[in-house]
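Hi,

Here is the structure I promised to pass on. Have a look at it first, and my notes follow below.

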Amino acid sequence: MAELKELQSKEELEQAWGRSMEKPVLFFKHSTTCPISAGAYKEYQTFLESAGDDLGVYMVKVIENREISNQIAEETGVKHESPQIFLIKNNKVLWHTSHSKITKDSINQALQQVV
C-alpha cells in the first residue's frame with residue numbers, strides 16, 4: 001500500500017514535484033469541511049489500499065494549507081477546485097479531475113493510460 005503524505009510546506013511540495021521525475025505522483029486537494037470532498041477522500045483511500053509503492057501519493061488540506069493549494073493551482077495552470085486530484089509525471093499534469101468524478105476507478109483508468 002502506498003503511503004499517503006500530507007503536504008504542509010513549500011519544501012514538501014517541491015520534493016513531491018521532484019519525485020514525479022522518478023515515478024507518477026498524485027496530488028489530492030481536500031476540504032475538511034465539505035461532504036463532497038469527504039466522499040472523494042474515501043474513494044482516494046480505497047484506491048490507496050490497492051496501490052503499490054511505485055506511486056507517490058499526497059494530500060493537501062485546502063483550508064489548513066491554502067498557500068500550498070494555491071501554489072499547486074499556479075504551478076499546474078489548473079483552476080483551483082475542491083476536492084481535486086492531479087496525476088503528475090515528469091513535472092507535467094497528465095490528468096486531473098474534481099468533485100464526484102474522483103473515484104477509485106477513474107484514478108485507476110488514468111494510471112493505466114500512463115503506464
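For the ring counts, Phe, Tyr and Trp (its six-membered ring) pair if the ring centres lie within 6.5 Å; planes under 30 degrees apart count as stacked, over 60 as edge-to-face and the rest as tilted. By this rule there are four aromatic pairs. Before the details, a caveat: this is a predicted model, where local features need pLDDT of at least 70 and side-chain atom pairs count only at pLDDT 80 or more, while totals for chains, interfaces and linings use all residues. Residues are numbered from 1 along each chain as its sequence is written, and side-chain values use heavy atoms, with hydrogens and water left out.

Rings

One of the pairs is Trp17 with Phe27, edge-to-face at 5.5 Å centre to centre and 80° between the planes. Trp17 sits in helix α1 and Phe27 in strand β2 (residues 25-30), so this pair ties together parts ten residues apart in sequence. Helices (H or I, at least four residues) and strands (E, at least two) are DSSP runs, numbered from the N terminus. Phe27 also pairs with Tyr58, again edge-to-face, at 5.8 Å and 70°. Tyr58 belongs to strand β3 (residues 56-61), so here the linked parts are 31 residues apart. Together the ring pairs join Trp17, Phe27 and Tyr58 into a cluster.

Buried means under 20% relative accessible area, exposed over 50%, and partly exposed in between (1.4 Å probe, protein chains only). Trp17 counts as buried at 10%, Phe27 is buried at 1%, and Tyr58 is buried too.

Helix α1 against α3

Trp17 turns up again here: with Lys10 and Leu13 of α1, Trp17 meets Glu67, Ile68, Gln71, Ile72, Glu75 and Thr76 of α3 (contact being heavy atoms within 4.5 Å). The axes of α1 (residues 10-19) and α3 (residues 66-76) come within 10 Å and cross at roughly 35°. Those axes are lines fitted to C-alpha atoms, for helices over the stretch in contact, and angles run from 0 to 180 degrees between N-to-C directions.

Salt bridges

How many salt bridges does the structure hold? Two, taking a side-chain nitrogen of Lys or Arg within 4 Å of a carboxyl oxygen of Asp or Glu. Lys10 and Glu67 form one of them (3.3 Å, N to O), so α1 and α3 are tied across 57 residues of sequence. Lys10 is partly exposed at 38%. Glu6 and Lys61 form a salt bridge at 3.8 Å, N to O, and this pair ties strand β1 (residues 4-6) to β3.

Cheers
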